[in-house]
Amino acid sequence: MNTQVFVLDNGAYTAKAGLATATPTVVPNCIMKAKSERRRPFIGNQIEECRDLAALYFMLPFQKGYIVNWDIQKTVWDYIFSKECCPINLSQTSITITEPPFNFSSIQEAMVEIFFEDFEVASLLRINPSTLSCYHYRHENPTAKCCIVIDVGYSFTHIVPYVNDMKIKAGIRRIDVGGKLLTNHLKEILSYRQLHVMDETYVVNQVKEDSCYVSQDFYNDMEIAKKKISENSIVKDYVLPDFTNIRRGYLTDPGTDTDSQVLRMNNERFSIPEILFHPSDVGIKQMGIPEAVMDSIKVCEEETWPHLLANIVLTGGCAKFPGFRERLLKDVRSLAPEEYKINIHLPENPITYAWEGGSLLANDSNYSSLVVKKEEYEEEGQAVCYDKFDT
Amino acid sequence: MAVRESGRVKDAMQKRILDEDARKRRQKKALEALEQDNFHEDPHADLVMHKKAPKFQDDLKNATRNKRKTRTADYFKQRFRKNFAQLVEEDLNYNSTVPNYTTAQAPPSAFPDRHFCAVCGFPSPYTCIPCGARYCSVKCLGSHLDTRCMKWTA
């Protein structure tokens, strides 16, 4: 009996799910409740059926990047494996599921238990998303010996160095800034300066996605933003959705005639993503990404540095901010010794890059030796998972 | 006999100034707010399902699974209940091998902090004396004093 492989990159904001042979479906990893629909909660992509997305209430399985609310996670997983989303026969499927670096052992045990005892999958592989990204990158660049994966996610940012496909655990750096913090901060300053939007996480997240960018010269952009509107190339108006005529907001030039409510976006456009480069701007006493990259490689042997710096991979939803790659390149360049060449790879779709790595790994001849089979789990329990899976 | 004293000095003495600890507490609170999932209450919290209402989802589940009784989502809530703080503590106590979650945190930056106006977001050279917030101009100081200094009205 030939088993198929299903890859589930279980992110804190979106889960990327699909058969290794198909394309991934991006599913919001949460249950949402709307004010307008009193009768039912929306699980994952069911939210597309909701007409009025104002003041959505989120129930997330993850807290600070780790699964804490198992009832919600189980409900979303049930949805993912249901007829509605990705119908598969779990008992004949091997699942590749991702977990964050330094995942806690009780979470790992719970995950394994649910998959083997409740979903009854044929076999399971638990792996870091950065390892899948590394595999994907090595597949595209077979000559690259080392790489640094920067995963700018929803809950946090991880910098993970790999030397000869081996994760250098001591070099992993976590910055507690991710998409969620950026959205919440934008919500806070918009609510104070203009319009109360504290309840509108969903809409403000779209405002962030549509209008924010990474500045190439921060203080110069600040000067431009100070100018009056006619000379200011940064200031824009964001037309808010009203959910009758406009379902998703959009950016326009200031002064455009519109009946809808608008938010004026000026220095907010670039000071929000700037927090990833300077967490201290909001009082988080941690390094920004470029500095943390340098801190991370210092743990690795010096002879690997040129290889690591020449192969930086940028993944995660926040990597989609325009200008991110260029700015990161500029900042790392200024911190790294000048004899080293620096190259940053921004994939076409940074959100599904790790999933695609998982899909490639499923075809690897080694795949079957990486997984834990149901029989092995039934024989040896959790211990076999600790032996086989890389923590 | 009334003691003669300067009105300006008297005013300054009366002004409450937040101490270092209180400022740190405020900062911590602001950071915790940035981690919140929702700022409003569950819109369905007061909703009571009618007892006789058909439960469609349960029927679907029973139909697709084999005869073994499937566990409900609530079972897992009971089975694995540990909050984030408990998980970190457990990790520190029972799995103290370095590196771990706690040691992977990026260390503080070597670069000095940058300061931005708490009102408009532009670079700010001044600090509000009572609460330590930053401001960039008299206009912004005015808004700050009216709304957020030592109180929280907006």
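**Exercise 1. How many salt bridges does the rule find across the interface of chain A and chain B?**

Step 1. A salt bridge is a side-chain nitrogen of Lys or Arg within 4 Å of a carboxyl oxygen of Asp or Glu.
Step 2. By this rule, five salt bridges cross the interface of chain A and chain B.
Step 3. A salt bridge also joins the side chains of A:Lys33 and B:Asp42, at 2.7 Å from N to O.

This is a predicted model, in which local features need pLDDT of at least 70 and side-chain atom pairs count only at pLDDT 80 or more, while totals for chains, interfaces and linings use all residues. Residues are numbered from 1 along each chain as its sequence is written, chains are lettered from A in the order in which they are written, and side-chain values use heavy atoms, without hydrogens and water.

**Exercise 2. What area is buried between chain A and chain B?**

Step 1. Buried area is the accessible area (1.4 Å probe) that two parts lose on being put together, summed over both.
Step 2. For chain A and chain B the value is about 6200 Å², and carbon and sulfur atoms give 55% of that.
Step 3. Chain A puts 73 residues into the contact and chain B 64 residues, where contact means heavy atoms within 4.5 Å.

**Exercise 3. At what angle do helix α4 and helix α5 of chain A pack?**

Step 1. Helix α4 of chain A covers residues 179–193 and helix α5 of chain A residues 201–211; helices are DSSP runs (H or I, at least four residues), numbered from the N terminus.
Step 2. The angle is about 100°, with the axes 9 Å apart. Axes are lines fitted to C-alpha atoms over the stretch in contact, and angles run from 0 to 180 degrees between N-to-C directions.
Step 3. α4(A) and α5(A) are therefore roughly perpendicular (65 to 115 degrees).
Step 4. Among the residues in contact are A:Leu182 and A:Leu186 of α4(A) and A:Val204 and A:Val207 of α5(A).

Methods
Helix = DSSP H or I, 4+ residues; strand = E, 2+ residues; numbered from the N terminus. Parallel < 35°, antiparallel > 145°, perpendicular 65-115°, else oblique.
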